[in-house]
Amino acid sequence: MKPVVPLLALLVGCVGKHGGDSPAADSAGDSGVAPQACDLLHPWPMDTVEHVGVAAGLTYPDVARLTLLDGEAMTDARTASHSGEPCPTYTESDDGTSVTITGDCTLWDLVYGGTATFTEVDGSYSSVYDRFHFEDGVSTRGYDVDGNWLDDVGQFTFDLTVSWFGDWEPRSDATVTYVTTMTWVDPAERVDGYADIVSQPGSAATGDLCVAADWQNVDSCDSEDDAVFTLQGSAPATLTWNGSTSCDGCADVTIDGVAAGSYCPP
């Protein structure tokens with residue numbers, strides 16, 4: 001399978017400083033762009049091929065999931081309001097550009113908590129969450145999210161903590177904090193990103209990391225694209241997918257400059 005990435009990506013570094021005394025990342029991927037100094041508080045363990053692979057799959061948020069769940073939360077809250085239900089509240093701004101949803105309640109097959117405001121002006125879309133929870137019992141999916149993200153006509157910025165839950169395929173129900181900027185440059189994408197993997201079901205592994213990667217779509221291969229991810233956690237690591245040549249769905253992994261084997265996503 002192709003790695004879970006909603007868009008093509010060229011990831012180029014770490015946003016901001018996050019404390020700690022781990023060494024900075026100096027190496028660059030094939031893109032030739034090295035991460036900025038990556039000062040990590042609790043570096044993600046880059047000890048095994050599996051640790052490196054998990055990190056690569058969680059380094060920036062799934063835009064498609066955020067967009068889908070934002071839309072479902074708004075649509076269902078509007079339906080409830082029009083039906084005369086007192087919770088959740090659905091408040092639209094006078095100019096019609098924003099909607100605020102507030103409430104802690106279970107209604108029909110829906111569960112709401114906290115507050116979210118969704119705004120769209122001149123092609124720019126933003127979501128601001130205050131410990132927002134939304135769960136659709138029919139589709140058995142939802143999210144817990146705090147913070148905000150912005151789509152400014154193709155440039156995405158994220159400063160949020162999110163956990164997905166429910167019937168997603170493939171699953172990625174870890175809780176992760178992102179400080180990330182993604183800029184769409186057709187047919188590629190540039191991303192500066194930092195991720196703190198707070199928790200993940202079935203594993204005690206946590207930690208923060210920075211990433212730099214070069215991602216190119218390969219139409220001829222259904223299992224992988226061409227991509228080089230350079231990660232910095234407890235050690236530098238790289239994953240290289242070669243969909244245009246191998247197309248086996250697996251990435252070649254190095255840890256601290258030494259070949260460590262292949263990672264094949266489950």
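Modeller: One cut-off to begin with: buried means under 20% relative accessible area, exposed means over 50%, and partly exposed is in between. By that scale C264 is partly exposed, because its relative accessible area is 43%. Keep in mind that this is a predicted model.

Colleague: Fine. What's in it, in terms of helices and strands?

Modeller: Two helices and 15 strands.

Colleague: And how much of the protein is buried?

Modeller: Of its 266 residues, 46% are buried. The accessible surface is about 11,900 Å², and carbon and sulfur atoms hold 50% of that.

Colleague: Is C250 buried or exposed?

Modeller: Buried, at 15% relative accessibility.

Colleague: How many disulfides does the structure hold?

Modeller: Three. Another one joins C221 to C247, S to S 2.1 Å. The link of C221 and C247 is right-handed, with 100 degrees about the S-S bond. Here two loops are linked: C221 is between β11 and β12, C247 between β13 and β14, and they are 26 residues apart.

Colleague: How accessible is C221? And C247?

Modeller: C221 is buried at 1% relative accessibility. C247 is partly exposed at 33%.

Colleague: What does C87 pair with?

Modeller: C105, at 2.2 Å between sulfurs. The link of C87 and C105 is left-handed, with -95 degrees about the S-S bond. C87 lies in the loop between α2 and β2, while C105 is in strand β4, 18 residues apart. C105 is buried, with a relative accessible area of 15%.

Colleague: Switching topic. How many salt bridges are there?

Modeller: Two. One is E72 with R141, where the closest N and O atoms are 2.7 Å apart. E72 is in helix α2 and R141 in strand β7, so the pair ties together parts 69 residues apart in sequence.

Colleague: Where does E72 fall on the accessibility scale?

Modeller: E72 counts as buried, at 14% relative accessibility.

Colleague: And what does R65 bridge to?

Modeller: D62, with 3.4 Å between the closest N and O atoms. R65 is buried at 6% relative accessibility. D62 is buried too, at 14%.

Colleague: What about D208? Which element is it in?

Modeller: Strand β11. D208 is buried, with a relative accessible area of 2%.

Colleague: What does the D208 side chain make a polar contact with?

Modeller: The side chain of Y194, at 2.9 Å. A polar atom of the D208 side chain also lies 3.2 Å from the backbone nitrogen of L41.

Colleague: On to the strands. How do β5 and β6 pair?

Modeller: Antiparallel, over eleven bridges. β5 covers residues 110–121 and β6 covers 124–136. T119 stands opposite S126 in β6.

Colleague: Which residue in that hairpin of β5 and β6 takes a positive phi?

Modeller: D122, with phi near 50 degrees. There are two residues between the strands in this hairpin.

Colleague: And how many bridges join β6 to β7?

Modeller: Eleven, and β6 and β7 run antiparallel. H133 stands opposite D144 in β7.

Colleague: How many residues are between β6 and β7?

Modeller: Four, and the two strands form a hairpin. T140 in the turn has a positive phi of about 50 degrees.

Colleague: Remind me, where do side chains point in a regular strand?

Modeller: They alternate between the two faces of the sheet.

Colleague: Good. I'll start with the cysteines.

Terms used
Residues numbered from 1 in each chain as written. Predicted model: local features only at pLDDT ≥ 70, side-chain atom pairs only at ≥ 80, totals over all residues. Heavy atoms only, no water. Buried < 20%, exposed > 50% of the residue type's maximum accessible area, 1.4 Å probe, protein only. Areas by Shrake-Rupley, 256 points an atom, 1.4 Å probe, with all protein chains shown as cover. Salt bridge = Lys/Arg side-chain N within 4 Å of Asp/Glu carboxyl O. Disulfide = S-S within 2.5 Å. Polar contact = N/O pair within 3.5 Å; in protein donor to acceptor, adjacent residues only side chain to side chain. Pairing = 2+ DSSP bridges.
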